[in-house]
Structures are given as structure tokens and as C-alpha cells.
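Here are a few friendly notes to read with the model open beside you. I have kept them brief and numbered.

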Amino acid sequence: MGALAGVRVLDMSRVLAGPWCGQLLADLGAEVIKIERPVHGDDTRGWGPPYMNDDNGNKTKESSYYMSANRGKQSVSVNIASPEGQELIRKLACEVDVLIENYKVGDLAKYGLGYDDLAKLNPRLIYCSITGFGQTGPRATEPGYDFIIQGLGGLMSITGERDDLPGGGPQKAGVAVADLMTGMYATVGIEAALYSREKTGKGQYIDVALLDTQVAMLANQGMNYLTSNKVPGRYGNAHANIVPYQVFRASDRDFIIACGNDSQFVSLSKAIGLPDLPQDPRFTTNAARVEHRTEIVELLSKHFLSKTADEWVAAIYPAKVPVGAINDVGQAMAEPQIEARGMKVNMPHPLRTDYTMVGCPLKLSGTPITYELTPPRLGEHTKDVLKRHLGLSDEKIAELESQGIIELLK
């Protein structure tokens with residue numbers, strides 16, 4: 001039994017932030033019903049290639065992007081633009097504990113599916129809205145996209161190489177971090193609301209915004225600015241507050257050193273054959289090394305060109321200074337530690353028996369993560385959910401299908 005066993009979620013979100021939240025709730029044991037529009041479904045179903053191949057090597061309609069964020073859910077395809085579809089959602093909202101949505105501000109209220117509408121029918125409902133800019137403020141009605149938010153929220157101003165170096169300039173992260181972190185914050189908010197409901201018996205509304213999240217996750221860089229009133233710049237693969245803490249080039253390839261304090265710097269200096277470095281007043285303390293960043297980095301960079309990355313890692317690792325190679329995604333997936341931690345999960349899919357997904361990183365001793373359902377095909381569970389939760393007959397379901405109000409898996 002998962003930690004959230006017995007919790008039922010209506011996931012009316014699409015793309016990444018909302019679905020990421022819904023997938024994590026499913027991993028934790030919640031029953032998650034994903035509402036998708038007929039024919040097209042979640043936008044990310046069409047975000048390919050790559051698409052999964054079936055057991056015969058034929059390409060399916062299941063995109064890798066969609067499958068990365070929708071494990072553990074049941075797909076119910078409903079046309080919520082129709083009055084009949086809206087009524088189905090209202091009835092389902094009375095049968096669930098949580099609703100997640102990421103429509104533009106006010107869009108669901110136009111259909112009678114806003115929080116105020118549904119809370120009257122189900123006062124225990126926890127309703128989580130995820131938008132680009134939140135429900136209030138001058139930009140509330142604007143659509144939000146991760147890429148834009150990474151720019152507006154300051155992340156791209158501190159990500160990427162310095163302007164005066166080759167390849168310099170603002171850079172987005174390699175994955176949609178604003179979306180992913182917003183999904184995580186939404187999950188925390190939902191769990192907090194569930195706990196509060198145990199004491200009060202009442203649900204509540206949760207307003208989560210990508211821009212709010214992006215600014216919050218500036219972390220030390222945000223506080224660096226508020227403390228000093230100095231706008232942080234881009235340091236590439238270096239750290240704003242710690243030196244040496246960056247990528248260095250060996251004779252064959254790059255590797256990372258993350259030297260976090262002065263004692264580690266002493267150990268590092270000995271391990272790389274430069275034991276006198278900590279005696280230099282410019283490098284004795286981290287504050288001094290930050291002030292003289294250019295000098296120490298230039299000195300170390302020249303020194304590290306004398307050996308291979310593997311040789312440096314082998315020399316530095318015993319000194320208990322964080323050090324490591326830079327893997328591509330394939331190498332990362334092949335790491336023995338990833339295998340040992342169960343981060344690759346085989347979940348036989350109806351179309352492919354050897355289907356593998358990246359697992360959930362949470363390890364709970366008493367209520368372990370459960371992997372019950374592969375990412376659903378469009379409308380795969382429409383009939384089952386409507387019969388089981390709303391008691392609709394086969395005849396009624398067939399009628400709704402013929403009218404284009406719902407879609408069943410073809």
C-alpha cells in the first residue's frame with residue numbers, strides 16, 4: 001500500500017508541470033484519473049519523435065515525452081467544451097479528493113468547473129491550479145511556458161558561460177526545470193492540504209505559479225542579490241560563492257571538482273601534487289579564492305592538462321574531495337549506482353513487454369513507491385472509470401461516445 005492509498009485525484013492538466021505532480025501522487029499510491037480531450041489528448045502525445053516501438057519494432061503513437069510524466073494514471077477522454085462533458089467532470093469531482101488543472105486563469109470557471117463551483121458540490125475537494133503567473137497580478141491572464149519563465153525569472157541570466165568567453169551568453173537548462181519544480185511544489189501543497197483536511201474536514205484552493213517557483217528556486221543566487229544589491233552574473237560551470245567548484249579540462253576530457261571548504265582545498269592540493277597552494281595568501285581561504293578566482297582557476301587549469309580525467313579522479317577521490325566525470329545520458333543510465341538504486345523500472349506495456357521507465361527517486365521504508373500502471377493510451381480507461389465511479393451503463397457510455405462527448409480506446 002502506497003502512502004497515499006485511498007486518495008483519488010482528478011488530473012485535468014497537460015504538458016509537464018501538472019502531469020509531473022499527478023505522476024508523483026500516483027507513485028505514492030494515489031488513484032489518478034487523467035482527463036484528456038478526445039482525438040488529440042495531452043499536447044505532449046504529439047511531441048515526438050521519439051515514439052515507443054512495439055514488440056514488433058513498429059512505431060506507436062506513444063511519445064517518450066508524454067510517457068515521462070504520466071505513469072500510474074488512468075486516461076479518460078472527455079470533451080469538456082460540451083455541457084454533457086462538463087456534467088461528467090462535475091460528477092467525477094464529487095468522487096475525488098484532489099483536482100489538478102493548468103488551464104488559463106478563469107477558463108474552467110466558464111464551464112462551471114472552477115473551484116467555487118466544485119467546492120459547493122464537494123467541500124472536501126482540494127483544487128490545485130498551476131499557471132504561468134498565478135491567479136493574481138498584472139500578468140495573471142498570460143499563458144506561461146517554461147522557456148519564457150526561465151528567462152523572466154532570472155535563471156538564464158545565471159546559467160551559461162560568461163559573455164567574454166567562447167559560447168558565452170544566457171542558456172536555459174537542459175530540461176524544463178521551472179515546470180518540474182512547479183510540479184514538485186504543487187505536490188507538496190496538495191499533501192499539506194490533505195493533512196490539513198484530516199484536522200478540519202475541509203478542502204482548499206492551491207494557487208501555484210511557474211514564475212513564483214522559478215524565483216524561489218534561485219535560492220542562494222536570489223539571496224546574494226537581496227543581501228548585496230549586486231546582480232549575479234553567469235559563471236558557466238563555476239560556482240558563484242565557492243572556488244574551486246567547477247569543470248576543469250584534463251588532457252582528454254572534462255571532469256568536475258566540487259571543493260566545498262578550506263580543509264578540502266588543503267586535501268585537494270596535496271592530492272594533485274601542489275601542496276603549497278594553501279600557503280599562498282591569495283588562496284588560503286575560500287573568500288580569498290573567490291576574490292582571486294581568475295588566478296587560481298588559471299593555475300589549476302594549466303596543471304590539470306598534464307593527466308587524463310580518469311587519472312585525476314583516481315588521485316582526488318581518496319582525498320575525500322568531491323570529484324567526478326561528466327556522463328552523457330547513456331552513461332548516466334549505465335552507472336552501477338543507478339542500477340543498484342532501482343532507478344530503471346521495467347513496466348510491461350500493452351504494446352511492449354520490455355518497456356522501461358526512469359523510476360521515482362523516493363525511497364520510503366514503510367510505504368514504498370508503487371508502479372501499477374504504465375502511461376495510459378488515450379481513452380484507455382474511459383469506460384471503466386465511468387462505470388466504476390459514476391455507475392454509467394454500457395448503453396449510456398455508447399450513447400456518449402456516439403455524440404462525441406467521450407472517446408474510448410480504439
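**Notes on the model**

1. Phe 147 has its place in helix α6 (residues 146-152); helices here are DSSP runs of H or I with at least four residues, strands are E runs of at least two, and both are numbered from the N terminus. This is a predicted model, where local features need pLDDT of at least 70, side-chain atom pairs count only at pLDDT 80 or more, and totals for chains, interfaces and linings use all residues. Residues are numbered from 1 along each chain as its sequence is written, and side-chain values use heavy atoms, with hydrogens and water left out.

2. Phe 147 is partly exposed, at 48% relative accessible area (buried is under 20%, exposed over 50%, partly exposed in between, with a 1.4 Å probe and protein chains only).

3. Now to the sheet: seven strands form an open sheet with mixed pairing, in the order β8-β7-β6-β1-β2-β5-β14. Since β8 (205-209) and β14 (406-407) are the edge strands with a single partner each, one side of each has no neighbour in the sheet. Strands count as paired if DSSP finds at least two bridges between them.

4. Do look at strand β1 (residues 8-12): four of its five residues are buried, so the rest of the structure largely encloses it. Four bridges join β1 in parallel to strand β2 (residues 31-36), with Glu 31 as the bridge partner of Arg 8. Toward strand β6 (residues 98-101), β1 again pairs in the parallel sense over four bridges, and Val 9 stands opposite Val 98.
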